[in-house]
Amino acid sequence: LLPRTNLTIYNYCKPTGKRGPRSFLYREYGKAPVLLDHVNPEFRSKIMQQRLANMGHFDSEVHLDVKTYGKDDRKARAKYHVLFKPAYTYRNLNFRNNQTIVDSTIAGSMKESLIVPGKDYNHTALRNERIRLSTMLNNQGFFFFNPNHLFFNADTSVGQRQVDMTLMVKDEISEKAYIQYTIRDINVLVQSNNPTPASEINTDSIFSNNCIYKSAEDIYKPKRITKVISLEPGKLYTHTQHENTIRYLQGMNAFRSVELSFREVDDSTQQLDAHINLVPLRPVQTGLELNFSTKSNDFLGPEVIASAGHTNIFKGGEQLVVQVSGGFEWQKRSKREEYELGFNSYEIGTQLKLKFPRFLVPFSIKNQSTKYVPTTTALIGFSTLRRVRYFNMNMSQIGFGYSWRTSPKRQFEIQPVAFNYV
């Protein structure tokens with residue numbers, strides 16, 4: 001067998017200094033030997049055994065065989081022998097109902113359980129089932145309930161490689177997990193990009209769309225922010241509205257940080273106050289891009305794209321971006337002399353784009369998604385291309401369209417106005 005090159009370099013090419021070809025070879029290609037203690041074969045064997053059990057192969061076995069060899073037994077080889085047994089399958093799924101409101105809610109949703117009799121036992125499916133039930137309860141106001149309050153008891157003594165599962169709510173959980181909470185106040189605080197002493201923050205609040213809005217500076221129009229908040233005062237807390245509020249605010253691409261927390265009012269009211277802290281992006285954003293391209297027709301050359309934008313031009317998260325680009329090309333070689341033109345092509349262009357984080361239409365849209373942010377985009381652009389000795393071309397572009405999403409994998413775009421003039 002050929003020697004391991006990286007290990008050979010590490011053992012026999014150790015440099016005497018920090019520079020030189022030998023140092024480079026050792027630094028870039030040398031690889032230290034892997035010690036048996038670092039590999040820890042016994043631990044890996046236990047991990048394999050646990051993963052088999054998590055997939056229902058409870059009585060499968062993993063045997064480890066470690067052998068040393070070579071000069072002074074300085075090499076080791078580990079072999080894992082796996083005795084693979086068929087997986088256990090679910091026979092029954094039962095739920096221990098203690099006649100509480102939480103237990104009754106869980107019992108009513110067992111028809112939608114992810115644990116289906118006849119399927120192989122799977123620890124991941126059990127974890128997902130606990131998460132499903134916890135989320136369902138959160139959506140009905142049980143704010144303090146979490147997946148750790150549930151556990152499964154598996155009985156493998158029924159025979160025929162089957163298992164009976166019993167779902168239970170732990171007895172020692174907090175009483176708050178059985179309480180349905182409603183939203184009392186929704187507090188929105190827009191912080192400043194600049195460090196502001198607490199004494200200088202504006203403490204005046206504005207009541208907008210059932211939210212208490214405060215801002216360190218006059219950055220946004222309150223209605224543009226509070227309108228997209230899914231939470232509603234006086235109604236039960238729901239995990240879906242919690243997630244939708246965070247996702248929507250982040251999807252506006254107007255904030256550097258979005259934080260949403262809840263605080264219990266007191267032990268007797270069964271109410272929560274929502275606190276939304278927003279840190280906006282810096283209003284002015286700039287960018288510079290340098291490219292160098294080669295083409296199959298032997299043209300090559302650099303291109304520069306510079307952009308400057310405002311992330312909150314109308315105080316509603318609207319983004320205005322101005323982009324200027326320029327580049328030139330030359331032909332590096334050609335089979336015919338008349339094509340050897342030197343710097344024979346250049347292009348200059350500019351584009352103005354305005355993006356609104358909402359539908360900009362002259363009518364109201366009912367049942368609009370509170371999960372994903374729709375956008376309205378308007379743009380205008382102009383560019384000129386000159387090919388020396390051949391032609392000049394001017395191009396103008398005007399566009400106006402909408403984009404929205406209904407799921408993480410499904411997006412729609414409509415462009416009512418698309419005008420290109422050459």
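The questions below concern a predicted model.

Visitor: Which residues have the most contacts inside the largest nonpolar core?
Guide: The largest nonpolar core has 28 residues. Strand 6 (182-190), strand 8 (211-215), helix 8 (239-251), strand 9 (255-264) and strand 10 (271-280) each supply at least two residues of this core. The residues with the most contacts inside the core are Ile186, Val188, Ile225, Leu249, Met252, Phe255 and Leu278.

Visitor: Which residues is Phe255 in contact with, leaving aside its neighbours within four places in sequence?
Guide: Phe255 is among the residues with the most contacts inside the largest nonpolar core. With neighbours within four places in sequence left aside, its contacts are Tyr220, Ile225, Leu249, Leu278, Val279, Pro280 and Leu281.

Visitor: How many residues are in the second, separate core?
Guide: Among the members of this second core are Tyr90, Ile115, Phe145 and Met165. The core is separate, and its number of residues is 21.

Visitor: Is Asp103 buried or exposed?
Guide: Asp103 belongs to helix 5 (residues 101-108). Leaving aside neighbours within four places in sequence, Asp103 is in contact with Phe95, Arg96, Asn97, Asn98, Val169 and Tyr178. Because its relative accessible area is 0% and the cut-off is under 20%, Asp103 counts as buried.

Visitor: What separates the C-alpha atoms of Asp103 and Tyr178?
Guide: Tyr178 is one of the contacts of Asp103. The two residues are 75 residues apart along the chain, and the separation of their C-alpha atoms is 9.4 Å.

Visitor: Which strand gives the largest share of the nonpolar patch?
Guide: The nonpolar surface patch, of about 680 Å², is made by Val322, Val324, Leu352, Ile380, Ile398, Val417, Phe419 and Tyr421. Two elements give two or more residues to the patch, namely strand 13 (319-331) and strand 17 (410-421). The largest share, 3 residues, comes from strand 17.

Visitor: Which residue takes a positive phi in the hairpin of strand 15 and strand 16?
Guide: Strand 15 (residues 375-387) and strand 16 (residues 391-407) pair in the antiparallel sense over 13 bridges. Arg386 stands opposite Asn392 in strand 16. The hairpin has 3 residues between the strands, and the residue with a positive phi, near 70 degrees, is Arg389.

Notes: Residues numbered from 1 in each chain as written. Predicted model: local features only at pLDDT ≥ 70, side-chain atom pairs only at ≥ 80, totals over all residues. Heavy atoms only, no water. Core = buried A, V, L, I, M, F, W, Y, C linked by side-chain atoms within 4.5 Å. Buried < 20%, exposed > 50% of the residue type's maximum accessible area, 1.4 Å probe, protein only. Helix = DSSP H or I, 4+ residues; strand = E, 2+ residues; numbered from the N terminus. Contact = heavy atoms within 4.5 Å. Patch = residues over 30% accessible without salt bridge, like charges linked within 9 Å, V, L, I, M, F, W, Y side chains within 5 Å. Areas by Shrake-Rupley, 256 points an atom, 1.4 Å probe, with all protein chains shown as cover. Salt bridge = Lys/Arg side-chain N within 4 Å of Asp/Glu carboxyl O. Pairing = 2+ DSSP bridges.
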